[in-house]
Amino acid sequence: MVRLLYASRATAVSPETIDAILAQSRARNPAQGITGILCHGGDVFMQVLEGGRDAVNRLYGSIVRDSRHHDVTLLHFEEIAERRFAGWTMGVVNLARVNPSIVLKYSARPVLDPFAVSGRASMAMLEELIATASIVGRAGG
């Protein structure tokens, strides 16, 4: 299994766009054995995908080609022995609803900018979001 973390900028951000991405993920990911979370703030998306190497790579390739995103940037990729995000077919974090001090702890400013920090810092922030129960949308719903 592998874990892949990427960031991208949204072409257009709206609640409907985010709902559509989540609905698509929750419908397709279980059959592919993919779990993860989507974190968004402003026009920036950051997403973790976990699962089999082939499935994660196929999904990442389709994300790179998805017209809803641009500046898709791989932040971190690793082989894993176990999942950290197994509870989410695709969980979601809206950083507008998160204490800005969590983001500031891992960044120069309290604004999501995974392009300006290390992949390791971004993963640490996501780990803290799990610990503080900031992720919604458990597996199955």
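Guide: In this predicted model, the largest cavity is lined by Val103, Tyr106, Ser107, Leu112, Asp113, Pro114, Val117, Ala121, Ser122 and Met125. By type, the lining comprises seven nonpolar residues, two polar and one charged. Helix 4, residues 119–131, gives the largest share of this lining, with three residues. The volume of the largest cavity is about 60 Å³, and the structure has one cavity of 30 Å³ or more.

Two of the lining residues, Leu112 and Met125, lead on to Cys39, which touches both of them. Cys39 sits in strand 2, residues 35–41. Its relative accessible area is 0%, so Cys39 counts as buried, the cut-off being under 20%. Among the other contacts of Cys39 are Val44, Phe45, Met46, Val93 and Leu95, together with Leu126 and Leu129.

From Cys39 to Arg28 there are eleven residues in sequence and 19 Å in space, C-alpha to C-alpha. Arg28 belongs to the lining of the largest pocket, where Gln24, Arg28, Asn29, Leu59 and Ser62 lie nearest the centre. That pocket has a volume of about 340 Å³ and a lining of 17 residues. Six of the lining residues come from helix 1, the largest share. Helix 1 (15–32) and helix 2 (53–65) each contribute at least two residues. The pocket lining divides into six nonpolar, seven polar and four charged residues.

Note on methods
Residues numbered from 1 in each chain as written. Predicted model: local features only at pLDDT ≥ 70, side-chain atom pairs only at ≥ 80, totals over all residues. Heavy atoms only, no water. 1 Å grid on protein atoms, 1.4 Å probe; cavity = no way out; pocket = protein on both sides within 12 Å on 5 of 7 lines; lining within 4 Å. Points joined across faces, edges and corners; volume = space filled by probe spheres on them. Helix = DSSP H or I, 4+ residues; strand = E, 2+ residues; numbered from the N terminus. Nonpolar A, V, L, I, M, F, W, Y, C, P; charged D, E, K, R; others polar. Buried < 20%, exposed > 50% of the residue type's maximum accessible area, 1.4 Å probe, protein only. Contact = heavy atoms within 4.5 Å. Lists of a residue's contacts leave out its neighbours within four places in sequence.
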